[in-house]
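Subject: Structure handover

Hi,

Here is the structure for you to look over. Please open it first, then read the notes below.

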Amino acid sequence: MGPRLRRVREERGLTLTEASERTGISKSTLSRLENGQRRPSLELLLPLAQTYRVPIDDLVGAPEVGDPRIRLKPRRVNGRTVLPLTRPGGIQAWKIVIPRTQSEPNPRTHDGFEWLYVLSGQMRLVLGGQDLVLGIGEAAEFDTQVPHWFGSTGDGPAEVLSIFGRPGERIHLHEQPE
């Protein structure tokens, strides 16, 4: 960490004396930090970060945040291709490819809320007493305690984004002004 502290100070065009005056840290302490003869404490790092105008992470060389990509494998579920988009736990998201043959309703109920968004094709949604057809860009949100089923209209496959939350976790849709 010492060489990093020296490099940042020098990039700011400061001498040890100037850095000492601005931080309130003695010149000898700064020198020992930069030479690796002293380990920095939080009390020393805070004024250095403020004076050098850098995040503390830059001073200590914190590791980069890990790869944010999620690489979960698609699987077949009841004749559909389901690609998980989130890790298990909390609100769950999937991309679901519904084949043309998945057109016979079989409503069910369970705890939670679901939000569906049609990416391609047309999706049929049976929700309670309603029988709806949703096209590309249309969405539906519903309580899964209501008997429901979604599938193809029978005219072709449909690709759907599904977001499911347990009770108490609900997606909020806001209509865009026209």
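A cavity here means a set of grid points where a 1.4 Å probe fits but cannot get out. Keep in mind that this is a predicted model.

**The cavity**

The structure holds one cavity of 30 Å³ or more. The space in the largest cavity comes to about 30 Å³. Its lining consists of Leu5, Leu30, Leu33, Glu34, Leu48 and Tyr52. Two elements each give two or more residues to that lining: helix H3 (27–34) and helix H4 (42–52). H3 gives the most, with three residues. By class, the lining has five nonpolar residues, no polar ones and one charged.

**The H3–H4 packing**

H3 and H4 also pack against each other. Their angle is about 90°, and their axes lie 13 Å apart. Angles of 65 to 115 degrees count as roughly perpendicular, so H3 is roughly perpendicular to H4.

Which residues make the contact? On H3 they are Thr29, Leu30, Leu33 and Glu34. On H4 they are Leu44, Leu48 and Tyr52. By class, this contact has five nonpolar residues, one polar and one charged.

**Where the two meet**

Compare the two lists when you have the model up. Leu30, Leu33 and Glu34 of H3 are in the contact with H4, and these residues also line the largest cavity. Leu48 and Tyr52 of H4 are in the contact and in the cavity lining too.

Best wishes

Key:
Residues numbered from 1 in each chain as written. Predicted model: local features only at pLDDT ≥ 70, side-chain atom pairs only at ≥ 80, totals over all residues. Heavy atoms only, no water. 1 Å grid on protein atoms, 1.4 Å probe; cavity = no way out; pocket = protein on both sides within 12 Å on 5 of 7 lines; lining within 4 Å. Points joined across faces, edges and corners; volume = space filled by probe spheres on them. Helix = DSSP H or I, 4+ residues; strand = E, 2+ residues; numbered from the N terminus. Nonpolar A, V, L, I, M, F, W, Y, C, P; charged D, E, K, R; others polar. Axes fitted to C-alpha atoms, helices over the stretch in contact; angles between N-to-C directions. Parallel < 35°, antiparallel > 145°, perpendicular 65-115°, else oblique. Contact = heavy atoms within 4.5 Å.
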